[in-house]
Amino acid sequence: MAEKTVTEFYANHPISAPHILTKLTSLRGSLEDVTPQELYPYDQDHYDGLNANARLADKVRMKSGDRVLDVCAGLCGPARWYASELDVDVTGLDISPNRVDGAKELNALVGLQDQVHPILGSAMDIPFDDAHFDAAVSQESFLHIPDKLKALSEVFRVLRTGGRFAFTDWVMHEPLPDDEMELYHQRFACQSLLSIPEYETVLKKTGFSVASANDVTASWGEILARRLSMYQTLDAEAERAGNPSKGDTFLKMYAQFVSDVKQRRIGGVRLTAEKP
């Protein structure tokens, strides 16, 4: 049931491969010789764009030649950035066929199909051998995972000794009423939220040592307000281009999310953990 909720959410997300290609075509006139850098303004479906990528890369000490796992990678926007800017090999794991197919199309468009590898699969059952990756990253995705302990244990398993996992996610600063949580489940495919201390506890249960836990709620408030404005613009563009609209329900719920973050009811965290 959780998988179906998440895949349906992303099948109708305001940022999609068709929307990106429509935007590029309108700006360039054609899709010939597109560079990875030309996608950056449109394919970074996470908070704070390229700056967030750079911070996570620094946290995991990403270096040329590394094998990197991006958990819940979506359209692989960050994965393409890591590959293009840092010369790493990235596997982008995602549960949504829509996102995996879109990522493959965008990778081929910019010539990164041999360096960025989108695969369909669950974070709770990662289809790789133990100690396969040098580093792992994820951005605002674990809220969609019902069993976070299982998923974090899987990330721990596929990392080599000394490998690091850096990720951002939603957190709960105060318990929300059941009816409000149900709305977050329905509108954002949010399966559960932890507090920052709870996240640290779960990471330690898997065997990770926690290197840092940064509360990013304050900075997210402004980022999300800008993101809401972007979604409103994208929604209007999608309708004009004949693509599906998310409609007023999504936009109103997103406005509520922005309000909850600014009030510190919900927030964000950037966590870095290391496999001893």
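This is a predicted model: local features need pLDDT of at least 70, side-chain atom pairs count only at pLDDT 80 or more; totals for chains, interfaces and linings use all residues.
Seven strands form an open sheet in the order E3-E2-E1-E4-E5-E7-E6, and their pairing is mixed. At the edges you will find strand E3 (116-120) and strand E6 (209-215), each with a single partner strand, so one side of each is left without a neighbour in the sheet. From one strand to the next, the twist averages 15°.

Strand E2 (residues 89-94) pairs with E3 in the parallel sense, over five bridges. To find this pairing on your screen, look for threonine 91, which stands opposite histidine 117 in E3. Further along the sheet, strand E1 (residues 67-71) is joined to E4 by three bridges, and these two strands run parallel. Here valine 68 stands opposite alanine 135 in E4.

On to E4 and its partner E5. Six bridges join E4 to strand E5 (residues 159-172), and the two run parallel.

How many residues of strand E4 are buried? Seven of the seven residues of E4 (residues 133-139) are, so this strand is largely enclosed by the rest of the structure. For E5, eleven of the 14 residues are buried, so E5 too is largely enclosed by the rest of the structure. The cut-off behind these counts is a relative accessible area under 20%.

The axes of helix H7 (residues 148-158) and helix H9 (residues 196-206) come within 9 Å and cross at roughly 50°. That angle makes H7 oblique to H9. The crossing in which H7 passes H9 is right-handed. On the H7 side, the residues that meet H9 are Lys148, Leu149, Leu152, Ser153 and Phe156, and their counterparts in H9 are Tyr199, Val202, Leu203, Lys205 and Thr206. Sorted by class, this contact of H7 with H9 has six nonpolar, two polar and two charged residues.

Helix H2 (residues 17-28) and helix H6 (residues 97-109) pack at an angle of about 30°, and their axes are 9 Å apart. Angles under 35 degrees count as roughly parallel, and H2 and H6 are therefore roughly parallel to each other. H2 contributes Ala17, Ile20, Leu21 and Leu24 to the contact, while H6 contributes Gly102, Glu105, Leu106 and Leu109. Here the contact of H2 with H6 divides into six nonpolar residues, one polar and one charged.

Let us end with one side chain to look up. Arginine 99 lies in helix H6. Is arginine 99 buried or exposed? Arginine 99 is buried, with a relative accessible area of 1%. Leaving aside residues up to four places away in sequence, arginine 99 touches Tyr10, His13, Ile15, Ser16, Asp45, Gly74, Leu75 and Asp94.

Conventions:
Residues are numbered from 1 along each chain as its sequence is written. Side-chain values use heavy atoms; hydrogens and water are left out. Axes are lines fitted to C-alpha atoms, for helices over the stretch in contact, and angles run from 0 to 180 degrees between N-to-C directions. Helices (H or I, at least four residues) and strands (E, at least two) are DSSP runs, numbered from the N terminus. Angles under 35 degrees count as roughly parallel, over 145 as roughly antiparallel, 65 to 115 as roughly perpendicular and the rest as oblique. A crossing is left-handed if the near helix is turned anticlockwise from the far one by less than a right angle, and right-handed if clockwise. Contact means heavy atoms within 4.5 Å. Ala, Val, Leu, Ile, Met, Phe, Trp, Tyr, Cys and Pro count as nonpolar, Asp, Glu, Lys and Arg as charged, and the others, Gly among them, as polar. Buried means under 20% relative accessible area, exposed over 50%, partly exposed in between (1.4 Å probe, protein chains only). Two strands pair if DSSP finds at least two bridges between them.
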